[in-house]
Amino acid sequence: MFNAGLRYFATVARHGSIREAADELHVAQSALSRQILKLEAHFGVPLFERHARGVKLTSAGEIFLRYARSNLQQVERVGSELDALKGLRRGTVKVQSIESLVQHLLPRTIAQFHQRHPGVTFDVTIDGTDRIITAVREGRTDIGLTFYQPVGNELTTVFRVREPLLAVMSADHPLARRPRISLADSVPYPAALPMRHTGSRILIDIACKAAGIHLEPTLETNSIQLRIRFVHASLGITFLSRLSAWDGLRAGDLVAVPLRDRIVNSGTIDAITLSSRHIPIAAEEFLHALQRELQDLNQA
């Protein structure tokens with residue numbers, strides 16, 4: 001079918017490599033190359049520039065990619081609407097999310113949704129907010145779940161839930177019994193911080209600048225679990241949303257102390273989609289389920 005050619009073309013464009021695209025699609029490189037050549041012969045223009053290290057879209061290829069993505073999304077939407085007539089019996093929901101929602105929100109909501117709609121499956125990728133936004137913009141995922149990140153006009157914030165950063169530490173930390181602390185109070189202790197340019201690190205750096213302090217990280221990492229393990233093993237402090245440290249907080253191994261600094265209390269969990277795209281019915285329903293679950297957790 002022509003749609004198969006569009007899917008092959010879009011995958012090659014995303015990877016910039018016929019070999020990597022063939023690996024993802026589980027087809028032979030030669031078969032993939034023939035599909036691309038057929039498209040180029042059909043339109044009478046080259047869609048890719050070939051280089052030793054891969055391929056790059058030509059101007060004609062950029063135009064055709066917009067069409068290919070739109071066409072594939074429309075076919076996907078039609079399929080989901082037909083499934084909806086059968087009572088949402090099948091479909092795949094594609095989600096790209098920040099790591100902080102892995103401990104509790106995502107597994108809980110997916111399990112509950114699957115009980116109601118056992119034919120629906122999930123494809124979930126954990127990534128940084130900037131890469132999540134790119135995946136949504138390129139139509140590679142239905143739903144993006146990000147933390148404190150402005151989005152462009154081409155993206156829609158379906159819902160936003162307030163999720164402030166808290167000072168997270170072991171239960172025996174000297175600051176653990178205080179009702180509230182400031183970022184300045186944490187300066188004497190080892191700090192485990194997220195990587196620069198992430199949503200939570202941006203908030204922390206802005207708040208530190210506003211407070212006139214410098215927070216020198218002992219540990220910088222993109223792993224929430226490593227930051228949690230670090231504060232378990234030391235008198236260190238990290239800064240997380242409540243959802244990020246859900247298990248440890250419930251077990252009493254960790255303590256989350258609210259911060260006085262106003263800026264770190266402005267964090268939000270945002271659910272985003274591509275404005276020009278009608279996502280599948282199953283993804284729409286799952287978005288509603290996520291919003292309800294987040295609201296319930298905030299009231300807990």
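How much accessible surface does the chain have, and what share of that surface belongs to carbon and sulfur atoms? The accessible surface comes to about 15200 Å², and 51% of it belongs to carbon and sulfur atoms, where areas come from the Shrake-Rupley method with a 1.4 Å probe and, for residues, only the protein chains shown count as cover.

Before I go on, please keep in mind that this is a predicted model, in which local features need pLDDT of at least 70 and side-chain atom pairs count only at pLDDT 80 or more, while totals for chains, interfaces and linings use all residues. Residues are numbered from 1 along each chain as its sequence is written, and side-chain values use heavy atoms, with hydrogens and water left out.

Let me begin with the chain as a whole. The chain has eleven helices and twelve strands, these being DSSP runs numbered from the N terminus, with helices as H or I of at least four residues and strands as E of at least two. Its C-alpha trace spans about 70 × 50 × 35 Å along the principal axes. Of the 300 residues in the chain, 46% are buried, and here buried stands for under 20% relative accessible area, exposed for over 50% and partly exposed for what lies in between, with a 1.4 Å probe and protein chains only. Among the contacts in the chain with a separation of 6 or more, 75% are between residues 24 or more positions apart, a contact being heavy atoms within 4.5 Å.

Next, a helix pair. Helix α2, residues 18-25, packs against helix α3, residues 29-43, at an angle of about 110°, and their axes are 9 Å apart; the axes are lines fitted to C-alpha atoms, for helices over the stretch in contact, and angles run from 0 to 180 degrees between N-to-C directions. That angle makes α2 roughly perpendicular to α3, a label that covers 65 to 115 degrees. On the α2 side the contact is made by Ile 18, Arg 19, Ala 21, Ala 22 and Leu 25, and on the α3 side by Gln 29, Leu 32 and Ser 33. Those residues divide into five nonpolar, two polar and one charged, with Ala, Val, Leu, Ile, Met, Phe, Trp, Tyr, Cys and Pro counted as nonpolar, Asp, Glu, Lys and Arg as charged, and the others, Gly among them, as polar.

In the loop between α2 and α3 lies His 26, a residue other than glycine whose phi is positive, near 60°. His 26 is exposed, at 72% relative accessible area. His 197, in the loop between β8 and α8, likewise has a positive phi, about 75°, although it is not a glycine, and at 69% relative accessibility His 197 counts as exposed.

Turning to strand β5, we find Gly 144 there, and at 0% relative accessibility this glycine counts as buried. Leaving aside neighbours within four places in sequence, Gly 144 is in contact with Gln 96, Ile 132, Val 136, Asp 270, Ala 271 and Ile 272.

Finally, Arg 140 sits in the loop between α6 and β5 and is partly exposed, with a relative accessible area of 31%. Which residues does Arg 140 touch, not counting those up to four places away in sequence? They are Arg 14, Lys 94, Thr 134 and Ala 135. The C-alpha atoms of Arg 140 and Ala 10 are separated by 10.0 Å, although the two residues are 130 residues apart along the chain.

Terms used:
Angles under 35 degrees count as roughly parallel, over 145 as roughly antiparallel, 65 to 115 as roughly perpendicular and the rest as oblique.
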